Amino acid sequence: MTRAVLSIGSNLGDRLDHLRGAVAALGDGVVLVSGVYETPPWGDADQPAYLNAAVMVVDPAAAPGDWLARARAAEAAAGRTRDADRRYGPRTLDVDVIAVWDDAGHPVLSDDPELTLPHPRAHLRAFVLRPWIDIEPHGRLPGHGWLTDLLNAEPLAADALELSPRPDLTLESDT
């Protein structure tokens, strides 16, 4: 497996620093990083706003489970704790594996409860699709269609209006 799109988000602590930490933790495999968006919480409105971005990573040796392990390691490094009572609650860092493609460019499909591919709710989340469009304008979410079509149709079209681009915040190194 060689390529994956990851969604990163944070709404606790130094949100931008947590996103930068995730990009750094993914290391040399990072090939593209989207702009940063400030977004309302999803699934549990009683929490602070998020900063979200998308990251495209490539590693010829990585299997889908490797992307999940790397995502969880980045979350742990940011002090992420999971609250069983608030599945969509606040977090220092959330890194989701959205989609993975094999060496031939074919999407990897999985119904494993530990790692469902593509991500089972990605098509419902403007905060995932909009940053992804930054790094892959003609991208497709496997099994759901063109990213732009998904984002421009209801119910996501209304959600997309609530996303605020933050060009003042970058995930690239200052050096």
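Q: Where does Asn11 lie?
A: Asn11 sits in the loop between S1 and helix H1 (15-26). Helices (H or I, at least four residues) and strands (E, at least two) are DSSP runs, numbered from the N terminus. This is a predicted model, in which local features need pLDDT of at least 70 and side-chain atom pairs need pLDDT 80 or more, while totals for chains, interfaces and linings use all residues. Residues are numbered from 1 along each chain as its sequence is written, and side-chain values use heavy atoms, leaving out hydrogens and water.

Q: Why is Asn11 called buried?
A: Look at the relative accessible area. Buried means under 20%, exposed means over 50%, and partly exposed lies in between (1.4 Å probe, protein chains only). Asn11 has 4%. That value falls under 20%, so Asn11 counts as buried.

Q: What makes Asn11 and Gln47 a polar contact?
A: Their side chains come to 2.9 Å. A polar contact is a pair of N or O atoms within 3.5 Å; within protein, one must be able to donate a hydrogen and the other to accept it, and residues adjacent in sequence count only if both atoms are side-chain atoms.

Q: Which residues does Asn11 touch, not counting residues up to four places away in sequence?
A: They are Gln47, Pro48, Ala49, Tyr50, Pro90 and Arg91. Contact here means heavy atoms within 4.5 Å.

Q: Why is strand S4 described as largely enclosed?
A: Count its buried residues. S4 covers residues 50-58, and eight of these nine are buried, so the rest of the structure largely encloses the strand.

Q: How do you know that S1 and S4 pair?
A: Count the bridges. Two strands pair if DSSP finds at least two bridges between them. S1 (residues 3-10) and S4 have eight, so they pair. They run antiparallel. Leu6 is opposite Val55 of S4.

Q: What other strands pair with S4?
A: S2 (residues 30-33) joins S4 by three bridges, antiparallel. There Val33 has Val55 as its bridge partner. S3 (residues 37-39) also pairs with S4 over three bridges in the antiparallel sense. In that pairing, Glu38 stands opposite Leu51.

Q: What makes Asn52 buried rather than exposed?
A: Asn52 belongs to strand S4. Its relative accessible area is 3%. This is under the cut-off for buried, so the label holds.

Q: What polar contacts does the Asn52 side chain make?
A: One is with the side chain of Thr39, at 2.5 Å. In another, a polar atom of the Asn52 side chain lies 3.4 Å from the backbone oxygen of Ile8. Both distances fall within the polar-contact limit.

Q: Why is strand S5 called mostly covered?
A: S5 spans residues 94-101, and eight of its eight residues are buried. Seven bridges join S5 to S1, and these strands run antiparallel. Val97 of S5 is the bridge partner of Leu6.

Q: How many aromatic pairs are there?
A: The count is one. What is the geometry of Trp101 and Trp132? Their ring centres are 6.3 Å apart and their planes meet at 65°. Rings of Phe, Tyr and Trp (its six-membered ring) pair if their centres lie within 6.5 Å; planes under 30 degrees apart are stacked, over 60 edge-to-face, and the rest tilted. Trp101 is buried at 6%, and Trp132 is buried at 0%.

Q: What makes Arg70 sit over the ring of Trp67?
A: The rule asks for NZ of Lys or CZ of Arg within 6 Å of the ring centre and within 35 degrees of the ring normal. The charged end of Arg70 is 4.8 Å from the centre of the Trp67 ring. For Arg140 over the ring of Trp146, the distance is 4.4 Å. Both distances meet the 6 Å limit.

Q: Which peptide bond joins Leu117 and Pro118, cis or trans?
A: This bond is cis, with omega about -5°. Pro118 is in the loop between strand S7 (115-117) and H3. Most peptide bonds are trans.
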